[in-house]
Structures are given as structure tokens and as C-alpha cells.
Amino acid sequence: MTPTITYTEELVARCRKGDQRAQLEIYNKYYKAMYNTALRIVNDTAEAEDVMQEAFIKAFSKLDSFQGKSTFGAWLKKITVNLSINSINKHSRYQNVPYEDAFKYETEEHEGIDIRETEATTKVQKVLRALNGLKESYRVILTLHLIEGYDYDEICEILGITAANCRTSISRAKESLRKKLTGHD
């Protein structure tokens, strides 16, 4: 085990005992990554902050269910992704507003990463604009698959869809993205 994993395991053990300093250390270690994960899925800064906070609250309150089969970070990320998906589903029931800003991150600076700095090339910006311009279901499934790195089985579990539906949706989403990128939209 690496020292980082061992230290994180020690922090988790301290959190289980109610050590608030350990909770703060874990929060400081993971909040940027969880915020960015939520932001890529919900596509709204305020909602991403809410999801991220809720993920930590849920993780700390359900820490006894963390069995250590994966890293704490992976477990926390799964909680964040699930809460992000729930947030999208909850909001899509109540509002059906078209997405006007194809790429609202261009001028905003987010805590954690500077989008302009990490997207040094215009090609990356073009791909992200096209991805954000896809319909919500395509954007979410491609984000989970291509950016978050989930495999088909994990996506099926997260979204509650069949394997065939997952493969079809990813294929259609990729084709839609290709069309947007080539201007054949």
C-alpha cells in the first residue's frame, strides 16, 4: 500500500470514531474532485456545490457501510455520481427549459481547476462545447463513459438501464457528438 492510501485509511478510521478534524481533512482532500465530477454531470455550478456537499454528508453518515473493497475516493465518487444523476432526474421532472448556453464555462473560473488552463487547445474546447450542447441524456452517458471512466456495466447500474440500452445510447450519443463536431447537426 502506498503512504497516501494508508493515510486515507487512517483518516477514515478516525472519522468512524467521530473525529471532526479527520472529516475536515478528507473533505479538503476530495472536495475539488467531487465538485468537478458533479459539475460535469449536472452542468450547473450551484447544483454541483449542493450535490458535492450532500455527497460528503451522506458519506460521513454512512461510513459504516464503506467496506474498503475500493478506495475511499472511488466510493465517494460513486456517491457523488449517483446524487448528480438523482438531481438531474429530479429537476427534469419540474422544468423543461432548453439549454441556452452551449458552453457556459468559457468565461467562468471554477474552484479546483481553471478550465481555460486545462483546455489549452481549441480542439478540446470545441469538443466540450459540442458535448455540452448534446441533449441531457447523451451528455450524461458520455460524461460517465468518456470522462469519468465508467464501463458499460457500471453505467447500467448507475442509470438503471439495460446493457443493450446502454450500448445503444452511448453509440447514438457518440454519433450525435460526431455530427456536432463536423457541423452536420
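Modeller: Arg-40, Ile-41 and Val-42 in H2 meet Arg-139, Val-140, Thr-143, Leu-144 and Ile-147 in H7, where contact means heavy atoms within 4.5 Å and helices are DSSP runs (H or I, at least four residues) numbered from the N terminus. This is a predicted model, in which local features need pLDDT of at least 70 and side-chain atom pairs count only at pLDDT 80 or more, while totals for chains, interfaces and linings use all residues. Residues are numbered from 1 along each chain as its sequence is written, and side-chain values use heavy atoms, with hydrogens and water left out.

Biologist: How many nonpolar, polar and charged residues has the contact of H2 with H7?

Modeller: Ala, Val, Leu, Ile, Met, Phe, Trp, Tyr, Cys and Pro count as nonpolar, Asp, Glu, Lys and Arg as charged, and the others, Gly among them, as polar. On that division, the contact of H2 with H7 has five nonpolar, one polar and two charged residues.

Biologist: At what angle do H2 and H7 pack?

Modeller: Axes here are lines fitted to C-alpha atoms, for helices over the stretch in contact, and angles run from 0 to 180 degrees between N-to-C directions. For helix H2 (residues 20-42) and helix H7 (residues 136-147), the axes are 8 Å apart and the packing angle is about 145°.

Biologist: Which residue in the loop between H2 and H3 is Asn-43's own case of positive phi, and what is the value?

Modeller: Most residues other than glycine have a negative phi. Asn-43, found in the loop between H2 and H3, is buried with a relative accessible area of 7%. Its phi is positive although Asn-43 is a residue other than glycine, and the value is near 65°.

Biologist: What does H3 reach from its first C-alpha to its last?

Modeller: At the start of H3, a side-chain oxygen of Asp-44 reaches to within 3.4 Å of the backbone nitrogen of Ala-46. Helix H3 (residues 45-61) has 17 residues, and the expected span of a helix is 1.5 Å times one less than its number of residues. H3 is close to the 24 Å expected at 1.5 Å a residue, since the distance it reaches is 24 Å.

Biologist: Which residues of H3 are buried?

Modeller: An α-helix has 3.6 residues a turn, so residues three or four places apart point the same way. The buried residues of H3 are Glu-47, Ala-48, Val-51, Met-52, Ala-55, Phe-56 and Ala-59.

Biologist: How far is Val-51 from Leu-83 in space, C-alpha to C-alpha?

Modeller: Val-51 is buried, with a relative accessible area of 2%, and beyond its neighbours within four places in sequence it is in contact with residues including Ala-38, Val-42, Leu-83 and Ser-84. Val-51 and Leu-83 are 32 residues apart in sequence, and their C-alpha distance in space is 6.2 Å.

Key. Helices (H or I, at least four residues) and strands (E, at least two) are DSSP runs, numbered from the N terminus. Buried means under 20% relative accessible area, exposed over 50%, partly exposed in between (1.4 Å probe, protein chains only). A polar contact is a pair of N or O atoms within 3.5 Å; within protein, one must be able to donate a hydrogen and the other to accept it, and residues adjacent in sequence count only if both atoms are side-chain atoms.
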